[in-house]
Structures are given as C-alpha cells and as structure tokens.
Amino acid sequence: MLNQGMNGIAEASLPKLLAPKTHAEKPEVVARLREMILRANPQGAAAAQRGMAARRDYSEDLPNINVPTLVIVGRDDPIRPVADAEFMHRGIRGSRMETIEDAAHMTNLEQPERFNQALKDFLG
C-alpha cells in the first residue's frame, strides 16, 4: 500500500477533512489540501497514523488541565465531531469552546477569518 503513494489517501480523506460547503465553494482550499496530502511522505504518513492509533486515551487527564484552554471544532467535522469537543470542554475547567460553521476538520483552512477571530478573542 505504501508504494502506491498518497493519491488514494487524498481522495479518501478530503471528504472527511473538509466540509461540503468548502468542497462546493472553495476549490482553491480543496486543491491546496490535496497538494499537501500528495506531497506527504507515505512512510511518514503511515507512521503518524499508527502512532495516533496506538496513543492512550487522555480523557482522564482533562480535569488536570489548569491553563486557559480554547477548544475549536468545525460544525461538520466527522473525525472529531462537536460531541468530542463538548466532552473536552466539559472536562477542562474554565475552558472556552468555539464551534465554527461551514467547517470540518481543517477549520483554519476552511474558515480562516472565523478561526483567527476565535484565537484573537481568546488571546486578547
């Protein structure tokens, strides 16, 4: 599978990484992300996926986070859905949660103005 490159990964991943509205209205974002995926080293991408699959569940650590925390989630994210973000938000005392409309997993690419504003508001 690794010797086949990243094209199949790009085609399988893009529908999950980007919201339907992004696919329909922002072809430049779709093309940019596709190119980023295609340029990735297949062995490195596979190692990253294996690492994510093997990581432990850190849910029990959430109450121990004692720093200002912003949880950002795209409304249409099937990889880390809003329910996951709400779980983290509830678990981190005093955290703030921002849900970005018309975005999936790549909120910063899909809705950069809204993403940046959420960060500015949080940091300001």
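Select Gln111 to begin: a polar atom of its side chain lies 3.2 Å from the backbone oxygen of Asp102. This is a predicted model, in which local features need pLDDT of at least 70 and side-chain atom pairs count only at pLDDT 80 or more, while totals for chains, interfaces and linings use all residues. Residues are numbered from 1 along each chain as its sequence is written, and side-chain values use heavy atoms, with hydrogens and water left out.

**Stop 1: Gln111**

Gln111 sits in the loop between α6 (107-110) and α7 (112-123). Helices (H or I, at least four residues) and strands (E, at least two) are DSSP runs, numbered from the N terminus. Because its relative accessibility is 9%, Gln111 counts as buried; buried means under 20% relative accessible area, exposed over 50%, and partly exposed in between (1.4 Å probe, protein chains only). Now display the surroundings of Gln111: apart from neighbours within four places in sequence, Gln111 is in contact with Lys26, Ile100, Glu101, Asp102 and Ala103. Contact here means heavy atoms within 4.5 Å.

**Stop 2: the paired strands**

Ile100, in β2, stands opposite Gly74. Select strand β1 (residues 70-74) together with β2: the two run parallel and are joined by 5 bridges. Two strands pair if DSSP finds at least two bridges between them.

**Stop 3: Ser95**

Proceed to Ser95, in the loop between α5 (82-91) and β2 (96-100). Ser95 counts as buried because its relative accessibility is 11%. Its side chain makes a polar contact of 2.7 Å with the side chain of His89. A polar contact is a pair of N or O atoms within 3.5 Å; within protein, one must be able to donate a hydrogen and the other to accept it, and residues adjacent in sequence count only if both atoms are side-chain atoms. A polar atom of the Ser95 side chain also lies 3.0 Å from the backbone oxygen of Ile92. Not counting residues up to four places away in sequence, Ser95 touches Thr69, Met88 and His89.

**Stop 4: Lys16**

Next, select Lys16 in helix α1. With a relative accessibility of 45%, Lys16 counts as partly exposed. Beyond neighbours within four places in sequence, Lys16 is in contact with Pro78, Ile79, Ala104 and His105.

**Stop 5: the largest pocket**

Which residues are closest to the centre of the largest pocket? Select Ile9, Ser13, Ala45, Gln49 and Met52, the closest of the 25 lining residues. α1 supplies the largest share of the lining, 7 residues. At least two lining residues come from each of α1 (7-17), α3 (27-39) and α4 (42-54).

**Last view: the whole chain**

Finally, show the entire protein chain, whose secondary structure comes to 7 helices and 2 strands. From the N terminus on, the order of elements is α-α-α-α-β-α-β-α-α. The C-alpha trace spans about 45 × 35 × 25 Å along its principal axes. Of the 124 residues, 28% count as buried.

Methods: On a 1 Å grid over the protein atoms alone, a cavity is a set of points where a 1.4 Å probe fits but cannot get out, and a pocket is an open set with protein on both sides within 12 Å along at least five of seven lines; lining residues have an atom within 4 Å of a point.
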